[in-house]
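Me: Could we go through this structure together? I would like to start with its pockets and then move on to the strands and the core.

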Amino acid sequence: MKLLKWALGTLILLGVLLVVGSLLLPARTHVERSITIQRPPAEVFATLNSFRRFNEWSPWFAADPQASYTYEGPAEGVGAGMRWSGNQAVGTGSQRITESRPPARVVVALDFGGHPSTATYTLSPEGTGATRLTWAFDTEHGYNPMSRWFGLLFDRMMGTDYERGLARLKTLLETAPPR
């Protein structure tokens, strides 16, 4: 009986420590990766300002090529949206362009099954005819202890996806004939 009380007390103490410890963790997660693409900002912007070509460079498309996609709103710019539903690897969600400032910035509202986040594409000229593209992800965890602990893994998990997607976008744009 003493052992059972000790084990239960230890579990409760551990739970309290995990919850209290989570309050010391960041309430927000930011992940970003950058790449230089040998195309002018206007050309890179045109691809990012619409979801019609997203799956051509998306790092997640290969995880479920059978996923279903629907497009909403205008074809490009503010209001353009895309919804998807797929296997466990890609899940369900939506994204909608909320800000479009040619040729420098596109902001996208993301929703992964009730978890709202933001993706931002920032473009700047680099050298002659090249673009420095930064893809950023931001999300708020609030006071959710599990979300805060999970947020510690985002950079490692999403960073490699972002690097893969940026490399695919670079290849897609640099191998296409210039516009």
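**Pocket, strands and core**

Reply: In this predicted model, the lining of the largest pocket divides into 21 nonpolar, 11 polar and 3 charged residues.

Me: How much space lies in that pocket?

Reply: The largest pocket holds about 890 Å³ of space. Of its 35 lining residues, Trp 84, Phe 112, Phe 137, Phe 154 and Met 158 are the closest to its centre.

Me: Which element supplies the largest share of the lining?

Reply: That is α5, with 6 residues. At least two lining residues each come from α3, β3, β4 (92-101), β6, β7, α4 (145-151) and α5.

Me: And how many cavities of 30 Å³ or more are there?

Reply: The structure holds 1 such cavity, and about 30 Å³ of space lies in the largest cavity. Its lining consists of Ser 50, Phe 51, Arg 52, Tyr 71, Glu 72, Pro 74, Ala 75, Ala 80 and Gly 81. By class, these are 5 nonpolar, 2 polar and 2 charged residues.

Me: Let us change topic. How many helices and strands does the protein have?

Reply: There are 5 helices and 7 strands. Read from the N terminus, the elements follow the order α-β-α-α-β-β-β-β-β-β-α-α.

Me: What does β7 pair with, and in which sense?

Reply: β7 pairs in the antiparallel sense with β1 over 10 bridges, and it also pairs in the antiparallel sense with β6 over 10 bridges.

Me: What about the turn between β6 and β7?

Reply: The two strands form a hairpin with 3 residues between them, and Gly 127 in the turn has a positive phi of about 65°.

Me: Is β7 mostly covered or mostly exposed?

Reply: β7 is mostly covered, with 9 of its 11 residues buried. For the protein as a whole, buried residues make up 38% of the 179 residues.

Me: Now the core. Which residues touch the most other members of the largest nonpolar core?

Reply: Of its 29 residues, these are Leu 48, Trp 57, Val 108, Tyr 121, Leu 133 and Leu 169. The elements that give two or more residues to this core are β1 (28-37), α2 (41-48), α3 (54-57), β3 (81-85), β5 (105-111), β6 (116-126), β7 (130-140) and α5 (154-175). The most comes from α5, with 7 residues.

Me: What is Trp 57 in contact with, leaving aside its neighbours within four places in sequence?

Reply: Trp 57 is in contact with Thr 47, Leu 48, Tyr 121, Trp 135, Gly 165, Arg 168, Leu 169 and Leu 172. Leu 48, Tyr 121 and Leu 169 are also among the core residues that touch the most other members.

Me: One last point: what share of the contacts with a separation of 6 or more joins residues 24 or more positions apart?

Reply: Such residues account for 55% of those contacts in the protein.

Note on methods:
Residues are numbered from 1 along each chain as its sequence is written. This is a predicted model: local features need pLDDT of at least 70, side-chain atom pairs count only at pLDDT 80 or more; totals for chains, interfaces and linings use all residues. Side-chain values use heavy atoms; hydrogens and water are left out. A nonpolar core is a set of buried Ala, Val, Leu, Ile, Met, Phe, Trp, Tyr and Cys residues joined through side-chain atoms within 4.5 Å. Buried means under 20% relative accessible area, exposed over 50%, partly exposed in between (1.4 Å probe, protein chains only). Helices (H or I, at least four residues) and strands (E, at least two) are DSSP runs, numbered from the N terminus. Contact means heavy atoms within 4.5 Å. Two strands pair if DSSP finds at least two bridges between them. On a 1 Å grid over the protein atoms alone, a cavity is a set of points where a 1.4 Å probe fits but cannot get out, and a pocket is an open set with protein on both sides within 12 Å along at least five of seven lines; lining residues have an atom within 4 Å of a point. Grid points are joined across faces, edges and corners, and a volume is the space filled by probe spheres set on the points. Ala, Val, Leu, Ile, Met, Phe, Trp, Tyr, Cys and Pro count as nonpolar, Asp, Glu, Lys and Arg as charged, and the others, Gly among them, as polar.
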